Amino acid sequence: MSSPVFRGLVVAALATAIPALPLAAQELRIGLASEPSSADPHFHNLGPNNQLRRAIFESLVGTDAAQQLTPLLAESWAPVSDTSWQFNLRKDVSFSDGSPFDAYDVVYTVCRIPGVPDSPSLFTTYTGGITGLEVPDAHTLIVHSAEPYPLMPTEFSTFGIISARANGVDGSALTFSTEGCGDMAVPATQAFNDGSAAIGTGPFLLDSFRRGEGISLVRNPGYWGEAAHWERVTMLPLTSEGPRVAALIAGDVDFVENPPLQDLERLNADPGLRVVQGISNRVIYIHLDHKQAPSPMITGTDGANPLQDIRVREALTIAVNRDAIVERIMGGVAVSAGELLPPGMFGAHVEGDLPPRGFDADRARALLAEAGYPNGFGITIGTPNDRYINDAQVAQAVAQMWARIGVETQIDASTASTFFSRRNAFEFSAYLAGWGAGTGEMSSPLRALLATRNSDLGLGGTNRGQYSNPAMDAVLLEALRTVDDTARENLLRQASRMAMDDYAIIPLHYEVTPWAMRASIDYEPRADQYTLPYMIHPAN
């Protein structure tokens, strides 16, 4: 496997140095590969939702294309004790309704996050470490934790800040506690979707949000930072690959996410178009049911759950020819995965340091026989068919590879909304999904996907395989309270190795993300895969 290198085209010219475009060019039309489920910035911790909220609701801390931290609503931050961080907030920022931004809005936001009703994936993963919030003055925030918490600034980059005043709350009267913030008014998710609560500090305002039809943004005239180039942005859900690229070629949209891999060469050859791509932090994986017996989609075992046997999990892991998937299904636009984050990112192993876990069908058959399944068993893989690049095709390839070792495998493919609902109800014995490390380090997938489920600690929120390894949990928790970067990275590598040695999950590949656009515009590829309209610029 070649070392992943973040590749991209950097826009070097400042906006002031870019020649003005005709007025018609001030509208940007984007074809989305996946549609957000809500405009509520806290409803669903999901990539399409997170990229939309960044245009409207800003975080205290920003991230650049390589996921390095940058100042945003906070100008600076630093630890002030072993268990506290101080954030110094900007004083020149207003919400889109004209009300000033201050530290009380941050307290209000953190109070709201745990109580969002019917959330498929809460942001408490990123707020669970907070034990107290202190406001010495309107533009200073002290964040307390029970133990040293090195990821506090990183986690304040993952959720958007909403206005207390806009929701009728006197923020200075709030008293934060780990139990919540008392009987305060909070906006409902529908109020964000209809625009009435969509009051943020970001470069755009929400004009309309219509599921299945599109999203309209307009430039925020009162934005505190550099104005977005585009007066209006229209984001259209074009979840089928063919119509999406056809819309770009026809000129119906200016920019598309995830153009079909088989079309990249043709698009690159078109002088009127441009393709950029870069490796992402997103791993595509197969999660296995470690707990239920009988497991809902396993047959031929008299009610036993074979996935609880490490030999079976190893067999399924090494039965997968990752290089073949990358080459044949992904067209070479992916990198085979040995763990949950690619080499070069914080907490990932250096290439070659993990034990080899390559394709070995003969050993896989022997392991199944040793585990008591010489004739295999039956299983169904659940998968979305419109969320990740070639997701259903990848699942089908895995099914064929498992069938070759005697595990008769079916595919249950559905749209992302249906799939995630069923996954969250634990309907699958095995399912394909993806995880993008919001923090840019190994703690993100380990905490969400493999830590023992514990809502009080913000652990295991997306661990729908219900894997539990107390020894791995202990190492992970030690990493999460270790401030020294070198020591923390070594602990994260240790925790990852423990999970991989237990075959807790089956990493398949890291996505390399392409975007295609008119040749007159440009975009720097992002490791987080987000399409941020305010970062799309005229080409130099």
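Reader: Which residues does Pro296 touch, not counting residues up to four places away in sequence?

Author: Pro296 touches Asp289, Phe426, Glu427, Phe428 and Ser429; contact here means heavy atoms within 4.5 Å. Before we go on, this is a predicted model, in which local features need pLDDT of at least 70 and side-chain atom pairs count only at pLDDT 80 or more, while totals for chains, interfaces and linings use all residues. Residues are numbered from 1 along each chain as its sequence is written, and side-chain values use heavy atoms, with hydrogens and water left out.

Reader: What makes Pro296 buried, exposed or partly exposed?

Author: Its relative accessible area is 43%, so Pro296 is partly exposed. Buried means under 20% relative accessible area, exposed means over 50%, and partly exposed is in between (1.4 Å probe, protein chains only). Pro296 sits in the loop between strand 12 and strand 13. Helices (H or I, at least four residues) and strands (E, at least two) are DSSP runs, numbered from the N terminus.

Reader: Which residues other than glycine have a positive phi?

Author: Gln67 is one of them, with phi near 70 degrees. Tyr503 is another example, at about 50 degrees. Gln67 belongs to the loop between strand 2 (61-63) and strand 3 (69-71), and Tyr503 to the loop between helix 15 (485-501) and strand 18.

Reader: Why is Gln67 called buried, and why is Tyr503?

Author: Gln67 has 8% relative accessibility, so it counts as buried. Tyr503 has 11%, and therefore counts as buried too.

Reader: How do you know that Asn281 and Gln67 make a polar contact?

Author: Their side chains are joined at 2.6 Å. A polar contact is a pair of N or O atoms within 3.5 Å; within protein, one must be able to donate a hydrogen and the other to accept it, and residues adjacent in sequence count only if both atoms are side-chain atoms. Asn281 belongs to strand 12 (residues 273-288) and is buried because its relative accessibility is 2%. Beyond its neighbours within four places in sequence, the contacts of Asn281 include Trp435, Leu341 and Met345, as well as Gln67.

Reader: Why is helix 1 described as largely enclosed?

Author: Ten of the ten residues of helix 1 (residues 47-56) are buried, so the rest of the structure largely encloses this helix. Among them are Asn49, Arg53, Arg54 and Ile56. They pack against strand 1 (27-32), strand 8 (204-210), strand 9 (214-219), strand 10 (232-237) and strand 11 (255-257).

Reader: What makes helix 13 oblique to helix 14?

Author: The axes of helix 13 (residues 443-450) and helix 14 (residues 470-480) come within 11 Å and cross at roughly 140 degrees, which makes helix 13 oblique to helix 14. Angles under 35 degrees count as roughly parallel, over 145 as roughly antiparallel, 65 to 115 as roughly perpendicular, and the rest as oblique. Axes are lines fitted to C-alpha atoms, for helices over the stretch in contact, and angles run from 0 to 180 degrees between N-to-C directions.

Reader: Which residues of the two helices meet?

Author: Ser443, Leu446, Arg447 and Leu450 in helix 13 meet Met472, Asp473, Leu476 and Leu480 in helix 14.

Reader: What caps the N-terminal end of helix 9?

Author: Asn321 does, with a side-chain oxygen 3.4 Å from the backbone nitrogen of Asp323. Within helix 9 (residues 322-329), Arg322, Ala324, Ile325 and Val326 are buried. Their cover includes helix 8 (310-318), strand 14 (334-336), helix 11 (391-403) and strand 18 (505-518). After helix 9 comes Gly331, whose phi is positive, near 60 degrees.

Reader: Where does pLDDT stay under 50?

Author: Over residues 1-24, for which the model has 39 contacts beyond four places in sequence. pLDDT is the predictor's confidence in each residue, from 0 to 100. Where pLDDT is low, the predicted coordinates should not be read in detail. For the chain, the mean pLDDT is 91, and 95% of its residues reach 70 or more.
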